[in-house]
Amino acid sequence: MSLNYIIAMLLFTLGIYCLLIKRNIVKMVIGLGVLTNGLHLFLISLGYREGGIAPILAGKMLENGATAEFAAAAVDPIPQALVLTSIVINVCTMALALSLAIYIYRHYGTLNPFKIRRLRG
Amino acid sequence: MRQAVALILVLAVGALLIFTVNAYLLPFGRFPERRIGGFENESVGKRILEDAPITTGSANVVTSVVWDYRGYDTLGESTILFTAVCGVAMLFRVARRRS
Amino acid sequence: MAGMTVIVRTIGRLLFPFLFLFGAYIIVHGQLTPGGGFQGGVVLASAVILLLLAYGMEGAQAKVNALQAELADALGGMILVWMGLMGIIVGIAFFQNVLPFGSLGQVLSAGNLPVFNLGVGIKVAASILMVFYAMLRIQGGKEE
């Protein structure tokens with residue numbers, strides 16, 4: 001019953017709700033962003049250790065190099081690296097989707113994805 | 001009508017996700033333990049935490065994972081960034097009139 | 001796109017070098033503190049966007065052209081791939097470490113890592129700036 005997982009899945013559900021029900025392309029892209037943020041929160045919460053420190057050597061630990069006590073007290077570094085990559089990819093996707101939305105508005109005059117199929121030319 | 005069906009579907013998916021997360025995952029905050037039948041105590045992350053400052057020489061383990069252990073992923077991500085920016089710049093070209 | 005009032009313009013002009021320095025600090029200390037190439041690149045881009053908001057399009061283009069942004073984007077990508085190819089020229093594998101390791105906790109340590117961080121920082125800053133310029137219809141290149 002931990003709060004991190006529940007809120008991550010709640011954000012995911014809100015993102016899916018936006019994608020299914022809204023009738024405006026810009027609002028759908030906002031829903032995409034909320035969904036992806038929920039997933040990132042879930043991934044990072046998977047690698048947490050109770051009372052852990054950040055996986056960065058600093059201060060006194062630098063003098064004796066890598067010690068076993070650092071590896072016994074730090075949180076998982078792998079989900080943080082993967083989420084870094086995922087955030088950049090999310091930014092690229094949303095930039096391209098919003099540019100296509102501007103292009104569609106210039107060409108069709110409407111931002112409703114259900115009306116775009118029926119216009120010709 | 002369509003909106004009611006979609007709302008029910010979203011609520012069902014949400015309830016299923018929250019139930020699954022609470023019942024079938026490990027409790028929050030147990031990092032090296034993995035769940036394979038019993039609870040094991042070895043992870044790739046633990047091995048990287050022991051190895052990284054000696055093998056790569058960097059004090060920041062996350063940066064060494066991004067560039068040394070997973071360098072190809074970061075190279076592919078740079079390619080994605082480049083392609084997306086090329087696409088955005090292409091969509092907004094203003095045609096100049098030659099007169 | 002017009003600029004803003006005198007107060008915003010003065011503070012923007014005073015804050016720009018400090019923002020630039022902060023972004024460069026995050027990029028260079030990527031192997032010692034949290035941060036690295038991507039985060040520092042975004043801070044660098046936001047420094048130029050502050051100038052864009054305060055002075056209008058002409059003020060930002062006096063600092064960084066659209067053509068310079070495109071060239072910087074390509075330069076960042078080329079630094080990344082050339083440092084990878086140095087691994088093939090010198091040793092065995094594609095992304096092999098060619099620079100010396102140094103001691104733990106200094107700025108010049110960890111082999112190839114500082115050069116990679118620099119390349120990606122320039123690339124991300126130029127990419128975000130190019131997206132802004134493209135959406136405001138600012139183009140580089142030859143005038144006809």
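These legends go with close-up views of a predicted model.

**View 1. Helices H1 and H2 of chain C pack against each other.**
H1(C) spans residues 6-28, and H2(C) spans residues 37-63. Their axes lie 8 Å apart, at an angle of about 170°. Angles over 145 degrees count as roughly antiparallel, so H1(C) is roughly antiparallel to H2(C). On the H1(C) side, the residues in contact include Val8(C), Leu15(C), Phe16(C), Leu19(C) and Ile27(C). They face a set in H2(C) that includes Val43(C), Leu44(C), Leu50(C), Leu51(C) and Tyr55(C). Glycines also take part, among them Gly12(C) and Gly23(C) in H1(C), and Gly37(C) and Gly40(C) in H2(C). By class, the contact has 16 nonpolar, 6 polar and 1 charged residues.

**View 2. Chain A meets chain B.**
Here 42 residues of chain A are in contact with 37 residues of chain B. Two helices of chain A, H1 (3-21) and H4 (78-108), each give two or more residues to this side. H4(A) gives the most, with 12 residues. The chain A side is made up of 29 nonpolar, 10 polar and 3 charged residues.

**View 3. H4 of chain A packs on H4 of chain B.**
Angles under 35 degrees count as roughly parallel, so H4(A) and H4(B) are roughly parallel. The crossing is left-handed. H4(A) brings residues such as Thr85(A), Val88(A), Ile89(A), Cys92(A), Leu96(A) and Tyr103(A). Those from H4(B) include Asp73(B), Glu77(B), Ile80(B), Leu81(B), Val88(B) and Leu91(B). In this contact, 11 residues are nonpolar, 4 are polar and 2 are charged.

**View 4. Chain B meets chain C.**
This contact takes 22 residues from chain B and 30 from chain C. On the chain B side, helix H3 (61-69) and helix H4 (71-91) each supply at least two residues. H4(B) gives the most, with 8 residues. The chain B side divides into 12 nonpolar, 8 polar and 2 charged residues.

**View 5. Helix H3 of chain B is mostly covered.**
Of its 9 residues, 8 are buried. They are Val61(B), Val62(B), Thr63(B), Ser64(B), Val65(B), Val66(B), Trp67(B) and Asp68(B). What covers these buried residues? The cover includes H4 of chain A, helix H2 (44-55) and H4 of chain B, and H4 of chain C.

**View 6. Val120(C) sits in helix H4 of chain C.**
This helix covers residues 113-135. Is Val120(C) buried or exposed? A residue counts as buried if 20 or more other C-beta atoms lie within 10 Å of its own. Val120(C) has 29, so it is buried. Gly105(C) is 15 residues away in sequence from Val120(C), and 21 Å away in space, C-alpha to C-alpha.

**View 7. Ala110(C) lies in a loop of chain C.**
The loop runs between helix H3 (66-90) and H4 of chain C. Phi of Ala110(C) is near 65°. That is a positive value in a residue other than glycine. Ala110(C) has 30 other C-beta atoms within 10 Å, so Ala110(C) is buried.

Terms used
Residues numbered from 1 in each chain as written. Chains lettered and ligands numbered in written order. Predicted model: local features only at pLDDT ≥ 70, side-chain atom pairs only at ≥ 80, totals over all residues. Axes fitted to C-alpha atoms, helices over the stretch in contact; angles between N-to-C directions. Helix = DSSP H or I, 4+ residues; strand = E, 2+ residues; numbered from the N terminus. Parallel < 35°, antiparallel > 145°, perpendicular 65-115°, else oblique. Contact = placed C-beta atoms within 7 Å. Nonpolar A, V, L, I, M, F, W, Y, C, P; charged D, E, K, R; others polar. Buried ≥ 20, exposed ≤ 12 C-beta atoms within 10 Å, placed from the backbone. Left-handed = near helix turned anticlockwise from the far one by under 90°.
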